[in-house]
Structure formats: C-alpha cells, structure tokens
Amino acid sequence: MNDSIDTTERRRLNDLSFFGKIMANVSHEFNNVLTVISELSGLLQDLSELAERGRPIQPEKLKQITQKFSHHLARGKELISHMNRFSHSVDDPRITLDPKDIVENMQVLMQRLVDRRQATLDCDYSGNGSMLTTDPFAVRHALFACFELLMQASSTTPAFQINLSSEERGTRIVVSSDSAFDAAEDESKWLELTDTVRQFGGQVALDRLESGVFITITVPITLNDGISETKG
Amino acid sequence: MEEDLKVLIVDDEDDLVSTLVERLEIRGVDATGVCSGTQAIQLVENNGFDVVVLDVKLKGEDGVEIMKQIKEIQPELPVILLTGHLSPEASEEGFKAGAIDYLLKPINLNDLMTKMREAIAVFKKK
C-alpha cells in the first residue's frame with residue numbers, strides 16, 4: 001500500500017468515525033426527547049383514567065402538560081432539522097455557503113457533549129460577512145476535531161468559544177477553551193485535524209495564551225487545490 | 001392501589017423526573033426525583049429508599065460512578081440503571097459495579113414497576 005492510498009483510507013476512516021460520533025450523539029439526545037414525550041403522554045393517560053373515576057383534571061394542569069409537550073416537540077424538531085442538514089453536507093464536496101450555517105449546525109449537534117461535561121459553548125458570528133465555496137462536510141469535521149482536542153485536554157469544566165470572522169483570504173474560525181492544553185496529549189487527533197483542514201485547502205494554527213488555548217482554522221474563499229492533494 | 005415503595009429517581013432531564021415522579025405517585029409509590037448524582041448521594045443516607053433508578057449518562061457525571069458511591073453508603077440499596085442504548089460491554093460494567101437491573105428508555109412504566117418490586121425482593125432475600 002503506498003502513501004497516497006494510506007492517506008485516502010485514513011481520511012475515509014476519520015470521516016466515518018466523525019459521522020458516527022455525531023449520529024450516535026444525536027440519536028441519544030433524540031431518544032431522551034422521545035422518553036420525555038412518552039412519559040408526558042403516559043401522564044395524560046393516567047389523568048384521563050383518574051378523571052373517569054371521578055377526579056377531574058385541572059385546566060391549569062392540562063395547560064402545563066401541553067406546554068411541556070410543545071417544548072420537547074420543538075426540541076426534537078430542531079434536532080431532526082440539524083441532523084438532516086448535517087447528513088446532506090456529504091452530498092456535494094463543493095458548495096457556496098455562509099460559514100455561520102456550519103457553525104450553527106455543529107453547535108446544536110455538539111451541545112449534548114458540552115452539557116455532559118457541564119461546560120459552556122458560546123458562538124460569536126459578529127465578525128463574519130463573507131460567503132465561501134468549500135467542502136461543507138470537511139469544514140464541519142475540522143470544527144469537531146478542534147472541539148474534541150480541546151475537550152479531551154480539559155480536566156476541569158471548560159468554557160468553549162467559537163468566533164467567526166472574515167478576512168481577505170477567507171473566513172477565520174477560532175475555537176477556544178479557557179482550560180490548559182497540551183497538544184502532545186493527542187497527536188493522532190491533531191493529525192486528523194490538520195489532515196481534514198488540508199482537504200479544503202485551509203490552514204490551522206494552535207496558540208496557547210494566558211487566557212486559554214486557541215485553535216484557528218482559516219477556510220479559503222474558494223476551494224483551492226487541497227482536493228487534488230487529497231487524491232494524491 | 002397503594003404500593004409500599006420508596007423510590008429515588010435520578011435523571012438530568014427535569015421534565016422526565018417530574019413526570020415520572022407524578023406517575024409513580026398516582027400509583028401510590030413514594031417517589032422522590034433529583035437531577036444530579038451529587039444530590040442523589042446526599043439523599044440516600046438518611047431517607048430509607050427501597051430502590052434507586054439512576055440514569056447512566058448524567059450531565060457532567062458518570063452514573064456508574066455515582067452508583068458506586070451510593071453502594072458505599074448503602075450497600076443493600078438496589079440500583080436500577082436507566083439507559084438509552086445498552087451494549088453488552090456497558091451492561092457488564094454496570095452489573096459488575098453493583099446494578100441489579102437495567103431499564104431502557106423510553107420507559108415502560110409497567111416494566112419499571114415490575115423491576116422495582118423484583119429488585120426489592122432480591123435484596124430482601126439476601
């Protein structure tokens with residue numbers, strides 16, 4: 001097996017692993033939503049049976065249950081919508097898009113992982129203004145790899161931040177954490193990140209500052225010859 | 001139907017906990033619900049629960065680790081683990097750590113009632 005086949009196979013496996021992690025995460029979250037809806041439905045049934053036996057249902061109670069139904073249905077709908085957008089990101093490796101859509105999509109899909117760490121994730125899109133022609137799946141993968149790197153390296157409950165800003169060459173996505181970090185702790189994940197960024201002809205940089213760790217991905221305005229490099 | 005059961009429900013979904021507690025109370029169960037493992041550990045020592053129903057994946061906490069801490073305080077208190085997806089490896093880990101049973105989400109309330117009664121019966125026999 002030559003190096004070029006190795007690279008292609010490695011990228012395929014990394015892409016598959018990323019896709020699987022997102023799907024597993026979303027299916028867990030969606031199951032939680034279904035569980036709450038199932039219990040609310042069961043409660044309505046219980047109250048109906050009690051009403052048949054002479055204990056009337058209070059209108060306020062019904063209103064409260066309905067509001068909870070609406071909340072969790074909206075939560076499920078949002079998840080499905082974002083999962084659908086994510087799934088379609090593999091359809092075309094070259095589309096023109098607003099990078100904010102990618103970050104918003106990933107923020108929703110990663111939220112459960114953030115919650116499980118009792119961490120926070122804030123996004124700032126105020127510096128963004130340009131459209132990009134890029135590989136939407138690879139950019140999502142790169143964003144997730146940054147997040148995983150920072151997540152794995154944080155021993156405490158971190159505050160994550162994603163900042164989006166336009167620059168002459170494209171869009172800069174900065175993923176940061178206020179926790180200490182040692183890149184050497186997960187070399188394979190760092191390789192996965194740099195390899196993924198190469199797929200859309202971008203650049204990646206790591207900065208350790210007093211205020212935290214910053215991973216900066218630059219996504220070029222148009223997809224350059226990063227793809228031809230992938231094909232070896 | 002009056003059930004002589006005192007149950008602690010632990011899950012990080014507020015609305016799931018409150019709804020489940022209400023449904024159990026309708027069935028005469030004395031149910032208490034909390035949304036974190038830390039709260040659960042604080043409650044088990046002095047509240048005389050018959051059984052704990054504990055989510056495996058809590059926000060910022062590992063349910064299996066929480067169960068181990070509960071078992072240190074009350075070794076005879078049966079714990080049923082709640083999970084969305086059960087792999088053979090995960091179930092083995094839970095049983096080794098002291099879980100008496102698993103229950104899959106979405107929850108079937110009749111199954112939960114049966115498993116709680118069975119869990120208590122097993123521990124009473126010991």
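This is a predicted model: local features need pLDDT of at least 70, side-chain atom pairs count only at pLDDT 80 or more; totals for chains, interfaces and linings use all residues.

Visitor: Okay. In which sense do S1(B) and S2(B) pair, and over how many bridges?
Guide: They pair in the parallel sense, over 5 bridges. S1(B) covers residues 6–10 of chain B, and S2(B) covers residues 30–34.

Visitor: And S1(B), is that mostly covered or mostly open?
Guide: Mostly covered: of the 5 residues in S1(B), 4 are buried.

Visitor: Let's switch to chain A. How many helices and strands has chain A got?
Guide: You'll find 6 helices and 7 strands in chain A. Reading from the N terminus, the order is α-α-β-α-β-β-α-β-β-α-β-β-α.

Visitor: What box do the C-alpha atoms of chain A fill?
Guide: Roughly 75 × 40 × 40 Å, taken along the principal axes.

Visitor: How much of chain A is buried?
Guide: Buried residues are 30% of its 232 residues.

Visitor: What about contacts inside chain A, how many link residues 24 or more positions apart?
Guide: Counting contacts in chain A with a separation of 6 or more, 78% are between residues 24 or more positions apart.

Visitor: Now the helices. At what angle do H2(A) and H3(A) pack?
Guide: About 125°, and their axes are 10 Å apart. That angle makes H2(A) oblique to H3(A).

Visitor: Why give both an angle and a distance?
Guide: Because two packed helices are described by the angle between their axes and the distance between the axes.

Visitor: Is the crossing of H2(A) and H3(A) left-handed or right-handed?
Guide: H2(A) passes H3(A) in a left-handed crossing.

Visitor: Which residues make that contact?
Guide: From H2(A) you have A:Glu78, A:His82, A:Arg85 and A:Phe86. H3(A) brings in A:Asn105, A:Val108 and A:Leu109. Sorted by class, this contact has 3 nonpolar, 2 polar and 2 charged residues.

Visitor: Last topic: how many residues are in contact between chain A and chain B?
Guide: On chain A there are 20, and they touch 17 residues of chain B. The elements giving two or more residues to chain A's side are helix H1 (3–52), helix H2 (59–88) and helix H3 (99–116).

Visitor: Which one gives the most?
Guide: H1(A), with 13 residues.

Visitor: And what classes are on that side of chain A?
Guide: The side of chain A touching chain B has 5 nonpolar, 9 polar and 6 charged residues.

How values were computed
Residues are numbered from 1 along each chain as its sequence is written. Chains are lettered from A and ligands numbered from 1 in the order in which they are written. Two residues are in contact if their C-beta atoms, placed from the backbone, lie within 7 Å. Ala, Val, Leu, Ile, Met, Phe, Trp, Tyr, Cys and Pro count as nonpolar, Asp, Glu, Lys and Arg as charged, and the others, Gly among them, as polar. Axes are lines fitted to C-alpha atoms, for helices over the stretch in contact, and angles run from 0 to 180 degrees between N-to-C directions. Angles under 35 degrees count as roughly parallel, over 145 as roughly antiparallel, 65 to 115 as roughly perpendicular and the rest as oblique. A crossing is left-handed if the near helix is turned anticlockwise from the far one by less than a right angle, and right-handed if clockwise. A residue is buried if 20 or more other C-beta atoms lie within 10 Å of its own, exposed if 12 or fewer, and partly exposed in between; C-beta atoms are placed from the backbone. Two strands pair if DSSP finds at least two bridges between them.
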